[in-house]
Amino acid sequence: MPSPEKFRETLDDFKVGRNIIDEMYQGFDGIVSKTNKKVKSAFFKQALDIMNEKLPPEQVQNILEANACCKSGAREKASKEFARINAEKSIEEKLKMISACPYLNMGSAELDENGLLLVHAVSYHPGEKFECACPTVSKIKRDYAIPREYCYCCGGHFKYHYEIMLGVKLKLAEIVTSPHDTEGEKPCAFRYEIIYKDIDTWKESTIGG
């Protein structure tokens with residue numbers, strides 16, 4: 001979640017109350033993308049603590065997913081090109097190819113025993129332990145833990161690209177593991193429910209709804 005400006009816009013988009021927003025920003029007036037990383041990290045920790053206290057879990061998830069980064073440019077182009085070339089392949093075939101394509105930078109994934117999509121996100125492992133890949137909170141010495149819900153932002157990133165590459169509609173069902181609350185022992189992993197296996201059906205239902 002590198003952009004405080006986008007985060008602020010999202011709070012308005014999801015109609016978060018002014019009193020809650022003011023509480024989230026207390027002590028952090030004027031925070032922007034160029035603000036020191038340590039300050040931004042502290043801000044998002046405070047904001048997320050208040051969101052978890054004041055907002056429904058689903059709204060917290062939706063807000064953070066909406067702040068996912070790297071959803072355009074070269075990453076999006078690569079996902080769309082993969083989808084075009086492999087449109088006729090099955091989901092299982094596509095997952096094997098995605099996992100074997102380092103240029104996609106989308107980790108690895110498979111269907112679990114319940115038919116859910118399990119994504120092992122890109123593992124950021126510069127030392128002995130896993131670290132968060134988010135530039136806002138990584139490589140910062142701090143005396144507090146980042147709530148696991150912060151990972152919904154990263155989960156939204158993988159959701160966006162896997163929807164394109166697989167041609168399906170996904171719903172993030174679970175943050176399986178995170179470096180944040182495992183003291184770096186485990187990398188990021190997400191589990192998604194496949195809502196529509198035909199993305200055209202999803203688009204039609206969305207337009208019709």
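This dialogue reads selected features of a predicted model.

Visitor: What should be known about the conventions before reading this model?

Guide: The model is predicted, with local features requiring pLDDT of at least 70 and side-chain atom pairs pLDDT 80 or more, while totals for chains, interfaces and linings use all residues. Residues are numbered from 1 along each chain as its sequence is written, and side-chain values use heavy atoms, leaving out hydrogens and water.

Visitor: How does the span of helix α3 compare with what its residues should give?

Guide: Helices (H or I, at least four residues) and strands (E, at least two) are DSSP runs, numbered from the N terminus. The expected span of a helix is 1.5 Å times one less than its number of residues. Helix α3 covers residues 37–54, and its 18 residues should span 26 Å; the end C-alpha atoms lie 25 Å apart, which agrees.

Visitor: Which residue caps the N-terminal end of α3?

Guide: A polar contact is a pair of N or O atoms within 3.5 Å; within protein, one must be able to donate a hydrogen and the other to accept it, and residues adjacent in sequence count only if both atoms are side-chain atoms. Here the cap is N36, with a side-chain oxygen 2.7 Å from the backbone nitrogen of K38.

Visitor: Which residues of α3 are buried, and what covers them?

Guide: Buried means under 20% relative accessible area, exposed over 50%, and partly exposed in between (1.4 Å probe, protein chains only). The buried residues of α3 are K40, S41, F43, F44, K45, A47, L48, I50 and M51. Their cover includes α1 (4–13), α2 (18–24) and α4 (57–66), where contact means heavy atoms within 4.5 Å.

Visitor: How many disulfides does a search of the whole structure find?

Guide: A disulfide is a pair of cysteine sulfur atoms within 2.5 Å. The search finds zero. For C101, the nearest cysteine sulfur is that of C70, 19 Å away; for C132, the nearest is that of C134, at 5.0 Å. C101 is buried at 17% relative accessibility, and C132 is buried at 13%.

Visitor: How do the strands β2, β3 and β4 pair?

Guide: Two strands pair if DSSP finds at least two bridges between them. Strand β2 (residues 117–120) runs antiparallel to β4, joined by four bridges, with L118 opposite R191. β3 and β4 are also antiparallel, over seven bridges, and K169 stands opposite Y196. The loop between β3 (169–177) and β4 (189–196) holds T182. A polar atom of the T182 side chain lies 2.8 Å from the backbone oxygen of S178.

Visitor: How many salt bridges does the structure hold?

Guide: A salt bridge is a side-chain nitrogen of Lys or Arg within 4 Å of a carboxyl oxygen of Asp or Glu. The structure holds ten. One of them joins K80 and E76 at 3.8 Å, N to O.

Visitor: Why are K80 and E76 separated by about one helical turn?

Guide: An α-helix has 3.6 residues a turn, so residues three or four places apart point the same way. K80 and E76 are four residues apart in helix α5 (residues 73–85), hence about one turn. K80 is partly exposed at 46%, whereas E76 is buried at 17%.

Visitor: Which parts of the chain does the bridge between R191 and E174 link?

Guide: The side chains of R191 and E174 meet at 3.0 Å, N to O. R191 belongs to strand β4 and E174 to strand β3, distant parts of the chain 17 residues apart. R191 is buried at 19%, while E174 is partly exposed at 34%. Salt bridges with shared partners join D112, E174 and R191 into one network.
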